[in-house]
Structures are given as structure tokens and as C-alpha cells.
Amino acid sequence: MTEAATIGVDLGGTKTAAALVLPGGDIELCCTAATPAGSGPIAMIDNLSALVTGIRHKAAQSGLPAPVAIGIGSAGVIDSDHGMVLSATHNLSDWGGTPLAELVSARTGLPVRAINDVHAHAIGEATYGAARGLHSVLMVAVGTGVGGSFILDGAPLGGARHAAGHLGHTPVPEAEGLLCTCGRTGHLEAIASGTGLLALHRRRGGAAPDTRRIVMLAESGDPVALECLTVSATALGRAIGGWVNLLDPDAVILSGGLAESGQLWWSAVTDAANREYIDAVAGCPLLPAQRGAHAAILGAAAYARAA
């Protein structure tokens, strides 16, 4: 199946995106729809299937290759061996326990493989982006939350319980006492994610409406915003340094909304990581992701082709 066209799907809590992915990695017929996250699994499957049907119809009309399989990168803990959603946040109503691959295959008549969305993102960067040609890569995605994936020879490490990559739940001193989305306290996500940074700024008396504004204020010299950005980015960088000491990857790829925050954030993260590196891993680079919003679609499609 390696030379065939496939459909890649990025199913998130806010939107679902899909596209026809050609063997060389070119994307055609990309389309999106709001994810009916609060309406239950059947509504989400209906939504996804409608996007797939539209792509197949347009491909046939335009003379593009017909897709032979579908790959889905989905939010949640995914048993990628069976395409089953094991668990998910409360934002995706009743998503846990959904036989995702089986249901989509029944709707579309195509073979389907499903994997966690951050793993799909990492596969996309390893196959077509910043990590192309590298043996081992740690992907760190920093946006609303903090997630990750460790890629070895193009394949993600899934873990014994399919839960590998929950980097945001690493305990860090900067988050001591802060409530994490998992219900515990002291985890990295509570301080280093976009949500965590915004909450920190408000605890310090700031009133910025979003993290983009915090970054702008910090770059203009606002002391509260600068302190908050530095604390948040430093916590992430120190954690990255520890992960590099543990895994010794060829490189770390940073993606997500905060990774697009600019040089001030990048410098704080990089400096903190470098201070934590032991001598044996000194010089491990931190690189920006290259494929942006399309990375998970590309990775899901590549995962489907690898069957």
C-alpha cells in the first residue's frame, strides 16, 4: 500500500480535518468541519464520514487517485493495534470505548487505522517534515495542553497501555500545588501549556485575553508578562532537558501554538534545556516543526499506508 493515495484525518476536540494524501506527501482536497464533541461518538463518526465521502467524490470528479485506505489521528488514548478509543477527556462526550476504526470502515468500505493525534503529528514530521531522515526524535506539542511522542525509525512508541507520550503529566516544581487537567497537582501542563501560561498571568494580576497577548506584552517589556512567560517556558525547557537525558534522541521537535510564540519563548525553553543536559547529550537540537496544521493528516495517512 506504500505507493497508494490515502485519506488522512485529524480528529480533535474542536475541529475535524481531512485530506487526500498522495504517495509523495502532497495534500489535496483538504476540508474541515467542527467536531460535534458534545454529541457523542455516532455524531462524530457521521461528521468524519461525511468529510471522507466528500473527498472521495471530489477526487473522482477531478481525476485524482482514489484513496485505498483511511488513517485517523484522534484525540484520546488510542489502542492503535485495534483502532479503539480507550479513554478521552470529558470534552469528547462518551468517546472512550468507541471502536473508531471499525465504525469508520463500516461506513466507508475502506480499511482504517487509528492512532493518537500527537503520534500522528510526530509521524507526519518524521516522514515529511523537520524529523525526516532522523533515527530517533522526541516530539513535544505545546498548545492548550502538553503532549508528545517518541519516534524510533519512523514509528511511535505507544507503550504497554497505549498511553506513552503524556509528557504534560511530568511532575515539575514550578507547578507545585497547581491543579492539572488530569485531576492531580504539580504537573507540567498546569504551568507550561497555553492554558497554564494564561492562568499564571491572571494569578499574577494580568488581564491578557490569550497567550498571544501575553507574548506581545512580554516582548514589549511588560514585567508581569515577561516573568510569566519566562517561568512557563523555563519549566518546559527543564523538563525537555530531563527527557533528553533519558532518551538521547537525535533531536527534539517542538510544535503547537506556543512553539509559534517567537524568539523570547524559544530562547527561554532552549536555554533551560541546555542547562539540564548532561555532557553526553550536549548539543541535542530543539527544532521547530515544519508541517504545521497538516502534520497530523500526513502522519495519519502514512500510518494507514504502513499497514
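The following legends describe close-up views of a predicted model.

View 1. Aspartate 10 stands opposite glycine 73 in S4.

View 2. Among the buried residues of H9 are Ile297, Leu298, Tyr303 and Arg305. Alanines are also found among them, including Ala295, Ala296 and Ala304. The cover over the buried residues of H9 includes S1, S2, S3, S4, S7 and helix H3 (117–128).

**View 3. The open sheet S10-S9-S8-S11-S12.** Five strands form this open sheet in the order S10-S9-S8-S11-S12, with mixed pairing. Its edge strands are strand S10 (155–156) and strand S12 (286–288), each of which pairs on one side only. Strand S11 (residues 251–255) is joined to S12 by three bridges in the parallel sense. Valine 252 stands opposite leucine 286 in S12. Helix H7 packs on the sheet and touches strand S8 (136–142), strand S9 (146–152), S11 and S12; the direction of H7 makes about 160° with that of S8. Helix H8 lies across S8, S11 and S12, and runs at about 155° to S12.

**View 4. The packing of helix H7 on helix H8.** Helix H7 (residues 223–247) and helix H8 (residues 263–276) pack at an angle of about 40°, with their axes 7 Å apart. That angle makes H7 oblique to H8. The crossing in which H7 passes H8 is right-handed. Residues of H7 in the contact include Leu226, Leu229, Ala233, Leu236, Ile240 and Asn245, while those of H8 include Leu264, Trp265, Ala268, Val269 and Glu276. By class, the contact of H7 with H8 has eleven nonpolar, five polar and three charged residues.

**View 5. The packing of helix H5 on helix H6.** Helix H5 (residues 194–203) and helix H6 (residues 211–219) pack at an angle of about 60°, with their axes 9 Å apart. H5 and H6 are therefore oblique to each other, and their crossing is left-handed. In this contact, Gly194, Leu197, Leu198 and His201 of H5 meet Thr211, Ile214 and Leu217 of H6. By class, the contact of H5 with H6 has four nonpolar, three polar and no charged residues.

**View 6. The surroundings of histidine 201.** Histidine 201 is found in helix H5. The residue is buried, with a relative accessible area of 2%. With neighbours within four places in sequence left aside, histidine 201 is in contact with Gly206, Ala207, Ala208, Ile214, Leu217, Val224, Ala225 and Cys228. Two of these partners, Ile214 and Leu217, belong to H6 and take part in its contact with H5.

**View 7. The surroundings of leucine 167.** Leucine 167 lies in the loop between S10 and helix H4 (189–192). The residue is buried, with a relative accessible area of 13%. Apart from residues up to four places away in sequence, leucine 167 touches Leu138, Met139, Val140, Val146, Gly147, Gly148, Leu188 and Trp243. Leucine 167 and alanine 141 are 26 residues apart along the chain, and their C-alpha atoms are separated by 9.0 Å.

Note on methods
Residues are numbered from 1 along each chain as its sequence is written. This is a predicted model: local features need pLDDT of at least 70, side-chain atom pairs count only at pLDDT 80 or more; totals for chains, interfaces and linings use all residues. Side-chain values use heavy atoms; hydrogens and water are left out. Axes are lines fitted to C-alpha atoms, for helices over the stretch in contact, and angles run from 0 to 180 degrees between N-to-C directions. Helices (H or I, at least four residues) and strands (E, at least two) are DSSP runs, numbered from the N terminus. Angles under 35 degrees count as roughly parallel, over 145 as roughly antiparallel, 65 to 115 as roughly perpendicular and the rest as oblique. A crossing is left-handed if the near helix is turned anticlockwise from the far one by less than a right angle, and right-handed if clockwise. Contact means heavy atoms within 4.5 Å. Ala, Val, Leu, Ile, Met, Phe, Trp, Tyr, Cys and Pro count as nonpolar, Asp, Glu, Lys and Arg as charged, and the others, Gly among them, as polar. Two strands pair if DSSP finds at least two bridges between them. Buried means under 20% relative accessible area, exposed over 50%, partly exposed in between (1.4 Å probe, protein chains only).
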